[in-house]
Amino acid sequence: MEPINLLKFPKAWNQLVFSSKQQRRTPQTRLLKIGLFVRKWPEKNQAGGMERHALTLYLALAKRGHDLHIFTTSSSANIPSIMSNLHFHISRPIGSGYLNQVVAWKQFLEENATKAFDVIHSESVGLRLTKSSSYLNNVAVSWHGIAYETIHSDIIQELVRNPLDSSSQQVISDGKMMKVVEEVKFFQYYAHHVATSDHVGDVLKRIYMIPEERVHIILNGVDEEIFKPDVSKGNDFLLKLGINQDRSRSSIILGLSGRLVKDKGHPLMFEALQQIFLENSTFKDSVIVLIAGNGPWGDRYKELGPNVMVLGPLERAQLAEFYNAIDIFVHPTLRAQGLDQVPLEAFLTGKPVMATKLASFTGSIIVNEDMGYTFSPTVSELKKVLYQVWEGGKKNLEKKGGFARERGLKMFTATKMVAAYERLFLCISGNDEEKQQKNEDYCVYQPHQEMD
């Protein structure tokens with residue numbers, strides 16, 4: 001195979017196998033000083049997808065020996081560091097919890113004066129650049145949702161809106177379009193862009209007109225040591241809920257998790273289940289629905305009867321048990337932003353996923369019917385797929401779960417994600433002359449050498 005220029009590689013870097021030599025740190029291996037700008041650092045298990053991404057990525061990079069400086073907000077005066085090379089620069093949030101750009105940039109400049117940063121990384125607009133800076137050619141930004149995607153979300157939510165609920169009416173206004181225009185303009189100021197889904201990579205190149213050598217696709221990854229198949233843990237989890245093995249073997253167990261709110265598709269799921277339960281008693285008696293999370297739709301789900309169990313929020317270890325207990329994970333979200341991590345967790349646990357037919361899911365996760373199902377966000381289409389899942393039976397879901405696990409290991413592990421980011425950071429750090437002198441052209445992928 002011919003060498004690959006990574007900066008022009010059009011597909012997800014996760015599918016590449018980077019040399020294990022890069023993962024075993026030696027005195028000769030180049031270690032980087034990296035600055036991260038993130039709106040909020042997660043506290044315990046209270047974290048959104050972007051914060052979990054930052055936590056997973058930066059703890060792993062610190063373990064690999066890199067010097068990490070995190071510019072973020074926190075409700076505490078400080079965040080205890082668990083590693084000597086993981087440093088926090090804390091400021092109070094402003095507005096709706098945003099990072100104070102003036103304070104954070106001042107902190108950055110002070111630290112940069114002691115020793116220059118090799119790489120600057122921003123989780124979405126953690127660092128908001130307002131003008132082009134030639135000396136910031138080592139900046140990379142990871143996008144976990146862009147304005148162009150929200151237009152699709154608004155269209156979906158307007159179509160599924162209850163016509164009697166005028167308070168929830170949304171109008172796709174000129175303001176939404178202008179937000180896209182604004183992003184097209186200021187996105188150009190970042191030297192490198194990491195798209196967290198194949199769809200966003202395409203949008204950044206075509207719609208936002210960013211040159212292809214500055215757009216890199218690195219899909220989100222989750223901890224494969226936590227999320228993995230374990231039948232006994234799944235059985236134990238069900239027993240705690242009063243579901244014995246005889247009942248679990250004779251039932252199809254659906255699982256949902258996350259915030260139980262409107263834009264995550266829970267009104268849609270509730271209505272679909274309610275209609276099916278009324279029209280098909282056999283389905284109602286032979287299907288168990290486990291819902292991990294909290295929110296206003298939790299109480300509504302409880303109205304559907306004893307086979308629908310709302311479990312409340314679960315910690316990550318409990319979530320792994322939850323995935324092992326179910327037959328299929330259902331993700332009815334109406335938000336077309338970024339690449340949600342919960343379907344990835346289900347894949348790695350060996351469970352198929354049925355999800356809304358959004359470009360990020362069909363383009364990066366459920367790429368064919370072997371590993372799951374997709375549906376248009378209407379009650380009738382969701383019902384049709386739920387019946388399809390039920391009629392196919394547990395053996396069919398087990399088979400699809402095997403294919404899901406294979407794809408998860410290939411594309412969605414934290415190890416693959418971290419290796420890809422590390423290689424990108426090594427590639428964009430320093431200048432060409434320095435790289436040539438050290439013979440460290442990390443921007444070239446040598447297939448025959450990397451797999452040794």
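## A walk through the sheet, the cores and the disulfide

Let's start with the sheet: 7 strands line up in the order β4-β3-β2-β5-β6-β7-β8, with parallel pairing, and the sheet is open. The edges belong to β4 (86-91) and β8 (215-217); each has a single partner strand, so one side of each is left without a neighbour in the sheet. Going from one strand to the next, the twist averages 20 degrees. Keep in mind as you look around that this is a predicted model.

For a look at one pairing, take β2 (residues 33-40) and β3 (residues 67-73), which run parallel and share 6 bridges. Here you can find I34 opposite L68 in β3.

Now for the helices that lie across these strands. Helix α1 (residues 49-63) lies across β2, β3, β4, β5 (119-123) and β6 (139-143), and runs at about 160 degrees to β2. Helix α15 (residues 414-428) lies across β2, β5, β6, β7 (192-195) and β8, at about 135 degrees to β5.

Stay with α15 for a moment, as it brings us to the disulfide. A search of the whole structure turns up 1 disulfide, and it joins C427 to C443, with an S to S distance of 1.9 Å. C427 sits in helix α15, while C443 is in the loop between α16 (432-438) and β15 (444-445), so the bond ties together parts that are 16 residues apart in sequence. The torsion about the S-S bond of C427 and C443 is about 100 degrees, so this disulfide is right-handed. Both C427 and C443 are buried.

In soluble globular proteins, nonpolar side chains tend to be buried together. The largest nonpolar core here has 98 residues, and the members that touch the most others are Y208, L254, L290, Y301, F322, M354 and L386. Helix α14 (residues 379-411) gives this core its largest share, 8 residues. A second, separate core has 39 residues, including W13, W41, M417 and A420.

Leaving aside residues up to four places away in sequence, its contacts are I328, F329, V330, H331, Y373, F375, L382, V385, L386 and V389.

Definitions and conventions. Residues numbered from 1 in each chain as written. Predicted model: local features only at pLDDT ≥ 70, side-chain atom pairs only at ≥ 80, totals over all residues. Heavy atoms only, no water. Core = buried A, V, L, I, M, F, W, Y, C linked by side-chain atoms within 4.5 Å. Buried < 20%, exposed > 50% of the residue type's maximum accessible area, 1.4 Å probe, protein only. Helix = DSSP H or I, 4+ residues; strand = E, 2+ residues; numbered from the N terminus. Contact = heavy atoms within 4.5 Å. Pairing = 2+ DSSP bridges. Axes fitted to C-alpha atoms, helices over the stretch in contact; angles between N-to-C directions. Disulfide = S-S within 2.5 Å.
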